[in-house]
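Please go through the sheet in this model and say what each term rests on.

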Amino acid sequence: MGCCNRRCGLLAGAVFGALLAVLGGILIPAGNSIIEGTVKKEAVIENGTTAYDNWVSTGAAVYRQFWFFDVTNPVEIVENGATPVVVQRGPYTYKTRYLPKENVTFTNFTVTFLLPLGAIFEPSMSVGPEEDHITVLNLAVAGAYSLTPTTLHGVVERLIKSTNSSLFQRRSVKELLWGYYDPMLKVTTGLFSPYNGTYDGPYTVSTGEDDIANVGKILSWRGEESLTFWDDKYCNMINGTDASSFAPFVDKRKPLYFFSSDICRSVSASYEDSLDLKGIKVYRYTLQPNTLAAPNVNPDNQCYCRDPKVTKNCTMAGVLDISSCQGNKPIYISLPHFLYGSPSLRESVLGLSPSPEHHDTFMDVEPITGFTLRFAKRIQVNMMYGPSKVITVLKQVKDYTIFPIVWLNETAALDHETADMFKEELFSRVETLEVLQLSLLGIGVSIFVLCFTMYCVVRCRHNKPLHCAR
């Protein structure tokens, strides 16, 4: 009777262990389904979700740092055609994107909004005050040269002389960035003028409520579903999100697409590495090498080449002429590391020292939610000028020159408080569920194996003692 009770108990224990193991196994797909459903629900852009709270107002502080290229030999360049020599000065840091989105309107799984622009100087993060003076290319002279046909260069020459202007000028950081009254053009001009009090957009994006794969995807910008700056349907496409977030459950085998109004086009980024950001696993994405490649390397970029004369018959890499979306100002955007990776370009302006570490653009994306938790956007702003037989300050210029003025580094990163909240709200639940799944599975299998083995031993000894002894 005792042996029977023991065998029944062991058999019951084996059954119990098997049930625990089965429960643990069932919880794996069920738990994953629960996690997936929760993440998708919280990723939708609508009132009350985690995505909405982070979307309507940027949680992390966003800073835009500027490094100017201070020209050390302006007189020699104008009078003797000397090679320009520059010294990098900066950073001059401003807090940006601190204003929440405005005019937020939801309609049929979409949301339309305006992005207010503003910049606040941060002295503690700068090398000097906004009143520091820098010698840079004269924006008015370069602009007038580009916009005026050769037959009217005499008019430009008279304007330059009457206002005592030259190819280079010395202005404060504040003036160069945000605007100053130019005596030659008789208007306020500046690299980012006007800025404070203006808006980017309006944007219309998908909320993801009907299809989470489209969350944050830009459907229109300034009321248009495509751009009008480029003479080609492909280049005018608006692809992806604004890079602040992507669809959840990111597949690192696929590139991420986003649109940047700063460079008036869409770009893509590819997976580079997996990193740890304050205890959170993130995917590092960087711009693909062919983003600003010359058309002979990447034929898709042919439609971005607007002036074959300036770009050496469209063979120049790393530079993008955005004059068509900047009121025809001769502004060329570049990725510093790509543009001056060319020996010929490095020789045209001395003093440049680009490096991937300081000049590459990247995004660190949390793969489960698709949220961008850290990013660095590095862009160099250049202007173009060229030779002229009439304009005195350009008579010594030998060729079209894309001249560097400033490069900027816009950054934001998850702070410790937000990281802890992020881990507590999402990852602690995921980890708890995973531990429960594995524990039930492991304990169940152990109990089953132990009890079933003991049951076999007891039964063997009771029924066939001599055989079992051998």
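Q: What makes Asn 108 stand out in the hairpin of β3 and β4?
A: Asn 108 takes a positive phi near 50 degrees, in a hairpin that has two residues between the strands. The model is predicted, so local features need pLDDT of at least 70, side-chain atom pairs count only at pLDDT 80 or more, and totals for chains, interfaces and linings use all residues. Residues are numbered from 1 along each chain as its sequence is written, and side-chain values use heavy atoms, with hydrogens and water left out.

Q: Why are β3 and β4 called paired strands?
A: A strand is a DSSP run of E with at least two residues, numbered from the N terminus, and two strands pair if DSSP finds at least two bridges between them. Four bridges join β3 to β4, so the pair meets that definition; the two run antiparallel. Thr 107 stands opposite Thr 110 in β4.

Q: How do you know that β10 pairs with β4 and with β11?
A: β4 and β10 share six bridges, and β10 (residues 199–206) and β11 share three. Both pairings are antiparallel. Thr 110 stands opposite Ser 206 in β10, and Tyr 203 opposite Trp 221 in β11.

Q: Why are β3 and β11 called edge strands?
A: The four strands form an open sheet in the order β3-β4-β10-β11. β3 (102–107) and β11 (218–221) each have a single partner strand, so one side of each is left without a neighbour in the sheet.

Q: What makes β4 largely enclosed?
A: Buried means under 20% relative accessible area (1.4 Å probe, protein chains only). Five of the seven residues of β4 (residues 110–116) are buried, so the rest of the structure largely encloses this strand.

Note on methods: Buried means under 20% relative accessible area, exposed over 50%, partly exposed in between (1.4 Å probe, protein chains only).
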